[in-house]
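My entries follow in the order in which I looked.

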Amino acid sequence: MDWKKYLIVFILTAGVFGSALYVSNTLNGKKLTELKSIEDKLSIDILSSEVQYSLLEELSCNQVTTSVLSDELSSLADKITYSEENLGANSDQISQLKQSYSLLEIKDYLLMKKISERCNKKSVFVLYFYSNEDACPDCVKQGYILTDLRQAYPELRVYSFDYNLNLSAVKAMISIYKVPSDLPGLVINGQVYSGLQTREQIESVLKLKLQTKTPTATKTKVQQ
Amino acid sequence: MPIQEIVFYGLSFLSIYVQIFLLITFIERRKEIKYRTGQHIDLKEYPSVTVVVPCWNEEKTIGGTIESLLALDYPSDKVNIILVDDGSTDNTWNVMQGYIGNPQITAYQKENGGKHTAMNLGISKTTTPFIGCLDADSFVDHQALKRIMTYFDDTEVMAVSPAIIVTKPKNVVQRIQKIEYHWGIYTKKMLGLNGAIHVAPGPFSIIRTSVFAKIGNFKKAHNTEDMEIAYRMQANHMKIEHANDAFVYTVTPNTVKKLYKQRLRWIYGFIQNTIDYRRLLFKKEYGNFGYFTLPSGVLSVVSVVFIFFFTIYNIGHFIVQQTIKISTVGVSLPTATHIFDPFYINTKAITIVTLVLYGTVILAMLIGSRMAEGKPKFSFSFIWFFIIYSVIAPFWLMKAVYNTVFAKKTAWR
């Protein structure tokens, strides 16, 4: 018996196997770096909007950029969701990305709310609190419904937050709006709804909110 | 990490190990591999060989089989052909009668008793030092016997198996088998170099007649007597070689149904013979046969079945997700950004490992095609091979396992 051969083959196999894992890890790492750079860019964009807002007194409302960020936030949300599902090995980094993404969302939400009030723009803001699949089986459905509604109602701005995310700002939002742990949870223009809301239920609320306002072409985002 | 992923990585690691083991053998011992195409071979002596042709309803192919034997580049007085009609119900016996009178040929007719009984009748009539078998659906290359006999210069070699090639593939089912048989030549040669061959195939394996006196005749062996004899030879420390350039052309199943039946018999035979000879597993005295061939075979059965269920699970998960989505919001197409954004290219470790595994298998297939045809040839049939086998192989494997567990026997046809 040529035990040496068995050992050499084992070492080679471990090398090949390890290289495959290394390649995967490197490529996944690059994806996370890409996400980080998108977040950095968004952060600058939001800062820019905030500065614009501060200058509002000197600018007319239609000169303020409000629709650019939402698409990018939406695309970022999709990528973070994809990463969470597929790049599990890097969960610490993903968790960090989610935290800064949530902060960007809150900043965007606060800014858009102010601009909406100040410039009389007619938007509906939905804060959507979800949890992972096991803890909240209905969240998958709620995500699909909100994505679908977002396409039907451009006035809708959806901000999604992981209910269990370890971030004080998100915890503060949960506490301010008294979002119960019965997920999914929605806060539509300040009003709290708990448990799965069907498309029809949300639509009826939306129509009510939009009745008193003129629709505008504001874009939105959603996390499934 | 979910349990199914851990199992996937474990099986992938072992499967890559098997391929690297064979590849290292190839690199290490490539100079020992003979390619004598176009070379004239003169043997020091030409020992007499008897070729037994067991037949059961082979009226259409038996003539070609006999003609190919008569055309062998080997002294005709040294080649005896024993035709055994194993109770055919067609015109086989009459076709055989046409050859009576040829001094090389004798023919026997008996009641149907299975291939092993036909072979054993042939053995009982054999007086030569070497005996071979040629299934009546196979044809020998005229240089095959000479090339095989050179291996017997080594007095320790007790049997030599040939390189089996699919003859004139006519449809995709036969074309994918052609690739598989080419791959088989490489694998068998590497096993041969490691003294670990597990089958002396019906098409033209040549065995020293003394072997049967020492370890007994063919057995029914779950309709895989050619596998069992190799197991028994390994159990008795008898050396089996593989003549990679001694070509035998064989007719292969031309429909999925026929292929299924053939493979069910092979895999069932493999499982049963491995159970019968389990004492050889991981025993140092049986060398690479016990440490490599048998475990690799078991690994391939387990892996294919596991990957089948793993894939079904993943497809099922996808269908459940899509059903929830459609039932909630109706049908919608994926957004264009998801399709074109390189971010969404799958770079999961599981995917890369799968690609590496497929890479090692394709490399082995290319080496096999080079050994069979002189140069590595990639064709579309490779893709068909992976698609068709990954869909249908799990079924014959699972049925073979089922038959083993519930003690059901497989039929020849």
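**Chain B, overall.** I counted the elements first: chain B has 13 helices and 8 strands. Helices here are DSSP runs of H or I with at least four residues, strands are runs of E with at least two, and both are numbered from the N terminus. I noted that this is a predicted model, in which local features need pLDDT of at least 70, side-chain atom pairs count only at pLDDT 80 or more, and totals for chains, interfaces and linings use all residues. Residues are numbered from 1 along each chain as its sequence is written, while chains are lettered from A and ligands numbered from 1 in the order in which they are written.

I then checked the dimensions. The C-alpha atoms of chain B fill a box of roughly 80 × 50 × 40 Å along the principal axes.

Of the 413 residues in chain B, 43% are buried. I use buried for 20 or more other C-beta atoms within 10 Å of a residue's own, exposed for 12 or fewer, and partly exposed in between, with C-beta atoms placed from the backbone. Among contacts in chain B with a separation of 6 or more, 84% are between residues 24 or more positions apart. A contact means that the C-beta atoms of two residues, placed from the backbone, lie within 7 Å.

**The sheet of chain B.** In what order do the 8 strands run? The order is 3-2-1-4-7-6-8-5, in an open sheet with mixed pairing. Strands count as paired if DSSP finds at least two bridges between them. Strand 3 (105-110) and strand 5 (138-140) of chain B are at the edges with a single partner strand each, so one side of each has no neighbour in the sheet. I read an average twist of 30 degrees from one strand to the next.

Next I followed strand 2 (residues 79-86) of chain B. Strand 2 runs parallel to strand 3 of chain B, joined by 6 bridges; B:Val84 has B:Tyr108 as its bridge partner in strand 3. With strand 1 of chain B, strand 2 pairs in the parallel sense over 7 bridges, and B:Thr50 stands opposite B:Asn80 there. Because 8 of the 8 residues of strand 2 of chain B are buried, the strand is largely enclosed by the rest of the structure. B:Val79, B:Ile81, B:Leu83 and B:Asp85 point one way, B:Asn80, B:Ile82, B:Val84 and B:Asp86 the other way. In a regular strand the side chains alternate between the two faces of the sheet.

**Helix 4 of chain B.** Which elements do the buried residues of this helix pack against? They pack against strand 1, strand 2, strand 3, strand 4, helix 7 (210-215) and helix 8 (225-235) of chain B. I listed the buried residues of helix 4, among them B:His116, B:Met119 and B:Ile123. Since 9 of the 10 residues are buried, helix 4 of chain B is largely enclosed by the rest of the structure.

**B:Tyr286.** I found B:Tyr286 in the loop between helix 9 (256-276) and helix 10 (287-329) of chain B. Is B:Tyr286 buried or exposed? B:Tyr286 is buried, with 21 other C-beta atoms within 10 Å. Leaving out residues up to four places away in sequence, B:Tyr286 touches B:Gln234 and B:Leu280. The C-alpha atoms of B:Tyr286 and B:Gly195 are separated by 9.4 Å, at 91 residues apart along the chain.

**Chain A.** Chain A has 6 helices and 4 strands, running α-α-α-β-α-β-α-β-β-α from the N terminus. Of its 224 residues, 36% count as buried. The mean pLDDT of chain A is 81, and 85% of its residues reach 70 or more; pLDDT is the predictor's confidence in each residue, from 0 to 100.

**Contact between the chains.** Chain A gives 27 residues and chain B 22 residues. Helix 1 of chain A gives the most to the chain A side, with 16 residues.

Methods. Axes fitted to C-alpha atoms, helices over the stretch in contact; angles between N-to-C directions.
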